[in-house]
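Subject: Structure handover

Hello,

My notes on what was found follow it.

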Amino acid sequence: PHDIYIDDILFNDNPDSRDAISTFVSTDITEHIKVFPNPAHDKLFVSGFNGECIDVIDVSGKVYCSLTGLSGKKEIDLGLLPEGLYLLRLKYDDFHVIRKFLKK
């Protein structure tokens, strides 16, 4: 079991665990990923991502949508999402990259 912190949000699969974990993902991969505009209204765009899947997740952990088979610049329709803070989980083969965005 591991705790994963993103800013001050805790993702934990064992509520009794507070062990620190160390993760490393090459900045060559992650620095090229752009999520815009932020805050977003109806559409969110992701560029520089060539992984398998993108999940849109609220801060309680509910997955609103999972997008696969994407190529080029990715466009995500946010029209049905309620306003609030969300996470994009960008999935590669053996790791995930998380980006935050605000839906207005």
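Lys-91 has His-96, in strand 9, as its bridge partner. The two strands concerned are strand 8 (residues 84-91) and strand 9 (residues 96-103), which pair in the antiparallel sense over 8 bridges. Strands here are DSSP runs of E with at least two residues, helices are runs of H or I with at least four residues, and both are numbered from the N terminus. Two strands count as paired if DSSP finds at least two bridges between them. The link from strand 8 to strand 9 is a hairpin of 4 residues.

Before going further, a note on the source: this is a predicted model, in which local features need pLDDT of at least 70 and side-chain atom pairs count only at pLDDT 80 or more, while totals for chains, interfaces and linings use all residues. Residues are numbered from 1 along each chain as its sequence is written, and side-chain values use heavy atoms, with hydrogens and water left out.

Ile-57 has Val-63, in strand 6, as its bridge partner.

Another open sheet has 3 strands in the order 3-4-7, and its pairing is antiparallel. Its edge strands are strand 3 (34-36) and strand 7 (74-77), and each pairs on one side only. Here the twist averages 20 degrees from one strand to the next. Strand 4 (residues 43-47) pairs with strand 7 in the antiparallel sense over 4 bridges. Val-46 has Lys-74, in strand 7, as its bridge partner.

Salt bridges

How many salt bridges does the structure hold? There are 3, where a salt bridge is a side-chain nitrogen of Lys or Arg within 4 Å of a carboxyl oxygen of Asp or Glu.

Lys-43 forms a salt bridge with Glu-75, and their closest N and O atoms are 3.3 Å apart. This pair links distant parts of the chain, with Lys-43 in strand 4 and Glu-75 in strand 7, 32 residues apart. Lys-43 is partly exposed at 35% relative accessible area, and Glu-75 is partly exposed at 47%. For these terms, buried means under 20% relative accessible area, exposed means over 50%, and partly exposed lies in between (1.4 Å probe, protein chains only).

Asp-55, Arg-89 and Lys-91 are linked in a network of salt bridges. Arg-89 meets Asp-55 at 2.7 Å, N to O. That pair also links distant parts of the chain: Arg-89 is in strand 8 and Asp-55 in strand 5, 34 residues apart. Lys-91 meets Asp-55 at 3.1 Å, N to O. Lys-91 is in strand 8 and Asp-55 in strand 5, 36 residues apart. Asp-55 is buried, with a relative accessible area of 2%. Arg-89 is partly exposed at 22%, and Lys-91 is partly exposed at 22%.

Cysteines

Cys-53 counts as buried at 8% relative accessibility, whereas Cys-65 counts as partly exposed at 26%.

Surface

Val-59, Leu-85 and Leu-102 make a nonpolar surface patch of about 210 Å². Patches are made of residues with over 30% relative accessible area and no salt bridge; like charges are joined within 9 Å, and nonpolar side chains (Val, Leu, Ile, Met, Phe, Trp, Tyr) within 5 Å. Accessible areas come from the Shrake-Rupley method with a 1.4 Å probe, and for residues only the protein chains shown count as cover. Leu-102 lies in strand 9 and is partly exposed, with a relative accessible area of 32%.

Regards

Key:
Axes are lines fitted to C-alpha atoms, for helices over the stretch in contact, and angles run from 0 to 180 degrees between N-to-C directions.
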